[in-house]
Structures are given as structure tokens and as C-alpha cells.
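Let's take a walk through this structure together, one side chain at a time. Please have the model in view before we start.

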Amino acid sequence: MPRKTNGIEFELHPSPKRDEEGKPLLYARPASGRKKTMKQLDDFCAEYRNLQKGEMERLFNLFLDVAGNWLSQGYRVETPIGSLSIKLKLVGEHSDPDKVTGRDILYNGVEFTPSKELVEKAGKHHEGYRKKSGIVGNSQMYDPKAMEEALRNSLKLGYTSVSTFMYFSGLKRDSAQKYLDSHTKGEDASLLRIKIGKSYIYSPKKKSKSE
């Protein structure tokens, strides 16, 4: 069967859930690195939507200024693509509402809720899906032999770090540290972990003479 060359490109990553054999279950997401910039949007609208060059960018900057002001005052801003509102964080643990004051509240970013129209348009007009070739993201964790080889290579100096193991394994930082940490636990632990400054150093655990 010929390889599919159109459609939305996706990549696979391991999830925290595991199958009956203990292997991480995979999930799919759009391939990383595929993006459109503000300049590309502005150029497209000038070429195909009868807007003046730079008009789309000016509109976005104007929206950023006005919507940002309204959001900072606690308003929800509704648009054709969805609504925006600020998120708040309650500091500490509270059970009595009468004791909570404005000093206990922190700004915690902006929440975006897409409109029904945007969700429907984003799901239309595509030509299926195609898997990104090669080892992608953290999906190599699904191959124990590849991970063991990466660990051996990273330990050639007698020790390794999260950054070094990231280089040899291709894993992202959190996954690389979780993998290394998993070898420091239990009776069969093969690595020792030592904290130096803000970083961890991992070295092979020496076997006792009885082993």
C-alpha cells in the first residue's frame, strides 16, 4: 500500500496509563513544528481575503490592547472564535468563605473556551491522518531495548544526568527523569541518585558481594 502523503500529520506519545504487560499506552496528537505565523495570516488575508497588507496584524494588536484591558477588569470577552476570561487562584487552604479576602486571590492566567463554530470549522475539510515517520517525541519509551541502549551510552563516563540521558534517548526532560528515577527504586534498583546543587546525578549501583 503506498504511503499516505496528505492529511493531518500526527505523532504518538506514551501516556501514564499502561497495558496488561506494563507498557505505556499511546496517545496521538498533531505533529509538533507545524504552525502558521501572524505574518503568514496577514499575507494570506491580503492575498485572498481583500484586506490591506498589515490590516490583519493591526486588528489583532488592537484586539490585544482592548481585550487585555477588559480581561484585567474581570470581564469575560466573547468573540466569534470563542470566549476569554482570567483564571484566579485561591492561595492556601480555606473552608470558611467569610475568612477569604482579596489578599488570598492571585491572577493565574487566561482561559480560552472555543466557540462551537470554531470547533466545527477546525474539524472540517481535512483529508484524514498520517503518522509522522521515525521515532517521535517520547514514543521510543515503547521500545525497552532502545531505552536500555540509550542508558548504557549515557553512562559511559560512569555517571549520567537528566540532560545527558535526554541527548541519548531523545526523551523530553520530565520523561527522561522519570525513566532514570524508575531505576533507583525497589530491591532491583540499578542506579543511585545523588543531588548536586539543583541537579541529580545518576551512577550505577554497585552490587554487594552476596549478589
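The charged end of which residue sits over the ring of Tyr 200? It belongs to Arg 193, 4.0 Å from the ring centre; a charge sits over a ring if NZ of Lys or CZ of Arg is within 6 Å of the ring centre and within 35 degrees of the ring normal. Before going on, note that this is a predicted model, where local features need pLDDT of at least 70 and side-chain atom pairs count only at pLDDT 80 or more, while totals for chains, interfaces and linings use all residues. Residues are numbered from 1 along each chain as its sequence is written, and side-chain values use heavy atoms, leaving out hydrogens and water.

Arg 193 also meets Asp 181 in a salt bridge, 3.2 Å from N to O. The term stands for a side-chain nitrogen of Lys or Arg within 4 Å of a carboxyl oxygen of Asp or Glu. This pair links distant parts of the chain, with Arg 193 in strand S8 and Asp 181 in helix H6, twelve residues apart. Helices (H or I, at least four residues) and strands (E, at least two) are DSSP runs, numbered from the N terminus. Arg 193 is partly exposed at 38% relative accessible area, whereas Asp 181 is buried at 11%. Here buried means under 20%, exposed over 50% and partly exposed in between, with a 1.4 Å probe and protein chains only.

Tyr 179 brings us to the aromatic rings. Rings of Phe, Tyr and Trp (its six-membered ring) pair if their centres lie within 6.5 Å; planes under 30 degrees apart count as stacked, over 60 as edge-to-face and the rest as tilted. The whole structure holds three such pairs. Phe 165 and Tyr 179 are stacked, because their ring centres are 5.3 Å apart and their planes lie at 10 degrees. Phe 165 is in helix H5 and Tyr 179 in helix H6, 14 residues apart. Phe 165 is buried, with a relative accessible area of 0%.

Finally, turn to helix H1, where Lys 39 and Asp 43 lie four residues apart, about one turn of the helix. Their side chains form a salt bridge (2.8 Å, N to O). Lys 39 is exposed at 57%, and Asp 43 is partly exposed at 24%.
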